[in-house]
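Please examine the sequence and the three-dimensional structure shown below before reading the report.

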Amino acid sequence: MFATLVWANGFQVLDASTRLEDNIYWLDADLEYDFSAPSLDALDSGVPLTIELQIQILRARTWVWDELVSEFRQRFRLEYHALARQYLITNLNNGELATFPSRAAALRFLGRIRRLPLLKSAQLDPTEKYHGQLRTRLDIEALPAPLRPVAYLSPDWRLTSEWYRWPL
């Protein structure tokens, strides 16, 4: 089995799995976000943070590297609005917006991915073996331009999990 617990730089993929329903593979994943103090200070000062999930589906091969079959990126923007005292999460892939009264509630929501459609079963050969892999990261390129040089040079801003693999 491929599934392993992975921890790096404050972001952690706890679990990921897919299930086939109505000829579509759906992803469920549990993640944990432990942001650095500078990133939380920036968030509470009104700087939006963009979180990206990178998801890949690979075909297992014996003698060479696994073949990339499909790649998907799911992006979320996390913001704090001081006047409303609310945290907002925007799904940048579809525009959906959710509000939360606390940062902890917003991070719990970000860390619980349910029924994310990945691909149709017709895209896969039923005689082959496949696995998925997932990682999450803070997108430094999405930060405001004046903050990017600091983020590039400081390890406090390089928040990324390792790849988490599971059988499809």
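## Basis of the report

This is a predicted model, in which local features need pLDDT of at least 70, side-chain atom pairs count only at pLDDT 80 or more, and totals for chains, interfaces and linings use all residues. Residues are numbered from 1 along each chain as its sequence is written, and side-chain values use heavy atoms, with hydrogens and water left out.

## The largest pocket

The largest pocket has a volume of about 300 Å³. A pocket is an open set of points on a 1 Å grid over the protein atoms alone, where a 1.4 Å probe fits, with protein on both sides within 12 Å along at least five of seven lines. The volume is the space filled by probe spheres set on the points, which are joined across faces, edges and corners.

The lining, meaning residues with an atom within 4 Å of a point, comprises 15 residues, and Phe76, Asn91, Asn94, Glu96 and Phe109 lie nearest the centre of the pocket. Two or more lining residues come from each of strands E5 (67-81), E6 (86-91), E7 (97-100) and E8 (112-120). E8 gives the most, with six residues. Helices (H or I, at least four residues) and strands (E, at least two) are DSSP runs, numbered from the N terminus.

The largest nonpolar core has 43 residues, and Tyr33, Phe35, Leu78 and Leu134 have the most contacts inside it. Such a core is a set of buried Ala, Val, Leu, Ile, Met, Phe, Trp, Tyr and Cys residues joined through side-chain atoms within 4.5 Å. Leaving aside neighbours within four places in sequence, Tyr33 is in contact (heavy atoms within 4.5 Å) with residues including Leu107 and Leu110.

## Three loop residues

Ser36 is found in the loop between E3 and helix H1 (37-44). Ser36 is buried, with a relative accessible area of 11%. Not counting residues up to four places away in sequence, Ser36 touches Asp156 and Leu159. A polar atom of the Ser36 side chain lies 2.6 Å from the backbone oxygen of Asp156.

Asp22 lies in the loop between strand E2 (11-21) and E3, and Asn23 lies in the loop between E2 and E3. Asp22 is exposed (over 50%), with a relative accessible area of 71%, and Asn23 is exposed at 53%. Although not a glycine, Asp22 has a positive phi of about 55°; Asn23, also not a glycine, has a positive phi of about 65°.

Notes
Buried means under 20% relative accessible area, exposed over 50%, partly exposed in between (1.4 Å probe, protein chains only). A polar contact is a pair of N or O atoms within 3.5 Å; within protein, one must be able to donate a hydrogen and the other to accept it, and residues adjacent in sequence count only if both atoms are side-chain atoms.
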